Amino acid sequence: MSRTDEVHRITENVYKTIMEQFNPCLRNFVAMGKNYEKALSSVTFAAKGYFDALVRMGELASESQGSKDLGIAPGDTLP
């Protein structure tokens, strides 16, 4: 076997080893990215629900008898 053939074989083995180790890591990285995206979507959905609930509670509070007793009109804020 000539020196060129040996270098070629060694180089091929190095690339093969890198690809065998890299592909599972890449698949794992992509899977983690998809899980992150799903989690972020869920957090966004929950945050929107939380914000909507806070808005609704504020609306109910501004229409309550207590706010009327304080003389606060709907849409106003407490000083």
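Ser62 has its place in helix 1. The model is a predicted one, in which local features need pLDDT of at least 70 and side-chain atom pairs count only at pLDDT 80 or more, while totals for chains, interfaces and linings use all residues. Residues are numbered from 1 along each chain as its sequence is written, and side-chain values use heavy atoms, with hydrogens and water left out.

**Exercise 1. Determine whether Ser62 is buried or exposed, and identify its polar contact.**

Step 1. The relative accessible area of Ser62 is 16%. Buried means under 20%, exposed over 50%, and partly exposed in between (1.4 Å probe, protein chains only). Ser62 is therefore buried.

Step 2. A polar atom of the Ser62 side chain lies 2.9 Å from the backbone oxygen of Glu59. A polar contact is a pair of N or O atoms within 3.5 Å; within protein, one must be able to donate a hydrogen and the other to accept it, and residues adjacent in sequence count only if both atoms are side-chain atoms.

**Exercise 2. Describe the salt bridges of the structure.**

Step 1. The structure holds two salt bridges, each defined as a side-chain nitrogen of Lys or Arg within 4 Å of a carboxyl oxygen of Asp or Glu.

Step 2. Glu59 pairs with Arg56, with the closest N and O atoms 3.5 Å apart. These residues are three apart in helix 1, so about one helical turn separates Glu59 and Arg56. Glu59 is partly exposed at 36%, and Arg56 is partly exposed at 43%.

Step 3. Asp52 pairs with Lys48, with a closest N and O distance of 3.0 Å. Asp52 and Lys48 are four residues apart in helix 1, so about one helical turn lies between them. Asp52 is partly exposed at 36%, whereas Lys48 is exposed at 52%.

**Exercise 3. Locate Leu26 and state the surface patch that includes it.**

Step 1. Leu26 is found in helix 1, which covers residues 3-62. Helices (H or I, at least four residues) and strands (E, at least two) are DSSP runs, numbered from the N terminus.

Step 2. The relative accessibility of Leu26 is 37%, so Leu26 counts as partly exposed.

Step 3. Leu26 belongs to a nonpolar surface patch with about 980 Å² of accessible area together; among its other members are Ile10, Phe22 and Met32. Patch residues have over 30% relative accessible area and no salt bridge, with nonpolar side chains (Val, Leu, Ile, Met, Phe, Trp, Tyr) joined within 5 Å and like charges within 9 Å.

Conventions. Accessible areas come from the Shrake-Rupley method with a 1.4 Å probe; for residues, only the protein chains shown count as cover.
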